[in-house]
Amino acid sequence: MADSPLNVLIVGSGGREHALAWTLAKSPKVGKVFVAPGNGGTASTSSKIENVPISHGKNDFPALVEFAQSQNVGLVVPGPEQPLVDGITDAFKKVGIPVFGPSAKAARMEGSKAFSKDFMQKHGIPTAAYGNFTDYEKARQFVQSASFDVVIKASGLAAGKGVIIPKAKEEALDALKSVMVDREFGSAGDEVVIEELLVGQEISILSLSDGYTVASFPAAQDHKRAYDNDEGPNTGGMGAYAPAPVATPQILKTIHETVLKQSIDGMRKDGFPFVGCLFTGFMLTADGPKVLEYNCRFGDPETEVVLPLLDDTCDLSDVFMAAAEGRLDAVPLTFKKGYAATVIMASGGYPGSYPKEHAISFGQPPQGTQVFHAGTKLDGDSTVTSGGRVLAVTGVSDTLQEALDRAYACVKTVNFEGGFCRSDIGFRAIKYLKEEAAASSAGLSYADAGVDIDAGNRLVDLIKPIVKATRRAGTDSDIGGFGGVFDLKATGYKDPVLVSATDGVGTKLKIAHEMKIHDTVGIDLVAMQVNDIIVQGAEPLFFLDYYACGHLDVEATRDFVKGVADGCLQSGCALIGGETAEMPGLYSEGDYDVAGFAVGAVERNEILPCMDEIQDGDVLIGLASSGVHSNGFSLVRKVVANAGLDFHSACPWTTGTDSRKTVGEALLTPTRIYVKQLLPLIHKRLVKGMAHITGGGFIDNIPRVLPKNIGVEIDASAWELPAVFKWLKKAGGIAAEEMARTFNCGIGMVLVVSKDNTDSVMSALAAAKEDAYVIGKLSANASDGESVLVANTSNW
């Protein structure tokens, strides 16, 4: 028995809904497409499409459900955002009717701009700097003190008109007052988002999802201003084209990996999986794509321009049903080669007040065009205007210019009193394509290979003041030359020996990449070097860093360098140079690796360890760590994954003020730097040796400073095992011996001191606000015995 035809209910009345109905009606599997309430186009252009006189307010949901049940509707496709935010998807799902559209919880991504911005921040999705405000006075102070141009957004739904882009601070303050005090957008402006104005080209991407898989339409660019040359007031959109040439394959790959997949995964992990169309607006900035906003539905006029690009073999009803049933990965979303362009025909006066019920006359549309109705209705046998944006006229062809020519040729076949349209749709893309063609004929550049020299120069300008702050005796920490210069004589050493160290941060970087937190690993990088230098009795003098990436993200790199500078300030050494290497193809988008090199100096007679002085009876003092520091993260990441967590999960071991941290935030706590608190003890000759507890834990690091005939017994009950290590041990089922060989277990630095000097050292450390513990003692050791014994680990 053949499957019965699929009846579809589309909710809405605009050009978007007509385009959806037109596309779905082409499917041989679809019997009927109902549109509630529909418009003049959905009422008259196809025998398979039928209007339903039911609106889509929240009070209309029961009537819509009853109608769908009576007509054996097998799929519902809500168009506008308001019914989705009001919970129309949940209403239909309660009676078992599949819906291609997000739940009310997921629709908050559009329903509250404040909610969506906080979501982006939580999941490390690139977006503009921002603040959310419900208090007008606090919002006003934010605008006045902002060092950047701002955009003011009503947080709630404002029919696509709640965004104001002021040109000056006074204009911004006036706009803020109109939204929050004068209530220009009603309750939508009860909360506002004030964010940094991003500069670049804007694109929109419509992505379909079943909560797991993401499949996207070609990127589109629309035109918001009412008149040519981007002049006049903002509108809902006066035209669009796709694919947008500025959205290169590399940019689209970056967007998919760093935004779209992250967004869908983040919503699922946060408890509101997104099923439907996620409309994401992007600004293509000099630092990469950044999210402007999310919408929880198909865009308008973007829908009218991307749906005609679907390949003839792609059945949209199959795609929507697969998404609604959680199997989108089984149905391909495929497209024709070529371009589409849409021109909006609007009523005179739009976007202000405008007349209605003007008769529309239609001529014969040219080949390769389609007229979608938006603000129209039937009046007897005539079609008349009923809205501001009246028609969306789309042309499709092999080239963008031909698609535009077809659309404008079709516009000339339509007429209604007072109607107007922009005559320059696509002007940015045409200009871009001409420039690309000219550049191609001129030959390749370094930028064509993916290396942005200008971005590198911007980075140097940004970090110069950061680096300058680390200057000390011996250098002015000025960067930009071929090499860093340090004047050893200026430090006052009499008979110095230089001590150098080099290291990286290891797989802790994977967490920094995912969390988009880059400054703390800069501190880690410095700590790994300067702590290795101090254990030899040396004072760190200068530092150089190496940063390698596939694409230079100026802001992320600046944050990393700021972390390096912070580490240098903590340790008293100068950041005198570094190297930033952009290597497309070697590193994935968003990934980078780092390395550091440090040099210190020590008077010849103060070099540590003093092997000939270390003896039986000496005492071991441990200095507290800040957490895992920078070693053992391959095992840490394995434990986290096996525990069913990810780095965005709530941290299971933090308490108090840290209780709201995620796993990633807690693990990115930077490595402690022990330099300034230990140098006075070294100069007073109170320390015989020191061990930096890094990879290898106690077992492998402490023997490096001991004579061969000396061993050590550590009393693990002398300090409390920190919560992070207790959790790792329990969640990973890690033996105590493995813990002691892999992690620092709460002790980041170990000192060897004589028994007579123990009290003096402990007092000095306490005065430096250092948490220190007497953790063991040294004893004679047989040559074949274990050098380090860790006792009393039962409480671990």
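Visitor: Which residues does Leu-667 touch, not counting residues up to four places away in sequence?
Guide: This is a predicted model, where local features need pLDDT of at least 70, side-chain atom pairs count only at pLDDT 80 or more, and totals for chains, interfaces and linings use all residues. Residues are numbered from 1 along each chain as its sequence is written, and side-chain values use heavy atoms, with hydrogens and water left out. Contact means heavy atoms within 4.5 Å. On that basis, Leu-667 touches Lys-508, Ile-511, Val-628, Phe-633, Val-636, Val-640, Phe-647, Trp-653 and Val-724.

Visitor: Which residues touch the most other members of the largest nonpolar core?
Guide: A nonpolar core is a set of buried Ala, Val, Leu, Ile, Met, Phe, Trp, Tyr and Cys residues joined through side-chain atoms within 4.5 Å. Buried means under 20% relative accessible area, exposed over 50%, partly exposed in between (1.4 Å probe, protein chains only). The largest core has 103 residues, and those touching the most other members are Leu-667, Phe-698, Ile-702, Leu-751 and Trp-796.

Visitor: Which helix gives the largest share of this core?
Guide: Helices are DSSP runs of H or I with at least four residues, and strands are runs of E with at least two, both numbered from the N terminus. Eight residues of the core make up the largest share, and they come from helix H17.

Visitor: How many residues are in the second, separate core?
Guide: Leu-9, Phe-274, Val-291 and Leu-391 are included in this core. The second core comes to 66 residues.

Visitor: How many helices and strands does the chain have?
Guide: The C-alpha atoms fill a box of roughly 105 × 60 × 50 Å along the principal axes. Of the 796 residues, 54% count as buried. The secondary structure comes to 25 helices and 33 strands.

Visitor: How far apart are the end C-alpha atoms of helix H10?
Guide: The expected span of a helix is 1.5 Å times one less than its number of residues. H10 has 21 residues, so it should span 30 Å. The distance between its end C-alpha atoms agrees with that, at 28 Å.

Visitor: Where is the kink in H10 centred?
Guide: The bend at a residue is the angle between axes fitted to the seven residues ending there and the seven starting there. In H10 the kink is about 40 degrees, and it is centred on His-256.

Visitor: Which elements do the buried residues of H9 pack against?
Guide: The buried residues of H9 are Ala-172, Leu-173, Ala-175, Leu-176, Ser-178, Val-179 and Met-180. They pack against strand E5, helix H8, strand E6, strand E7 and strand E8.

Visitor: Is Thr-470 buried or exposed?
Guide: Thr-470 is found in the loop between helix H15 and strand E24. Its side chain reaches the backbone oxygen of Val-467 at 2.8 Å. At 3% relative accessibility, Thr-470 counts as buried.

Visitor: How many disulfides does the structure hold, and which cysteine sulfur is nearest to that of Cys-421?
Guide: The structure holds zero disulfides. Cys-421 is therefore in none, and at 27% relative accessibility Cys-421 counts as partly exposed. The nearest cysteine sulfur, 11 Å away, is that of Cys-410.

Technical notes. Disulfide = S-S within 2.5 Å. Polar contact = N/O pair within 3.5 Å; in protein donor to acceptor, adjacent residues only side chain to side chain.
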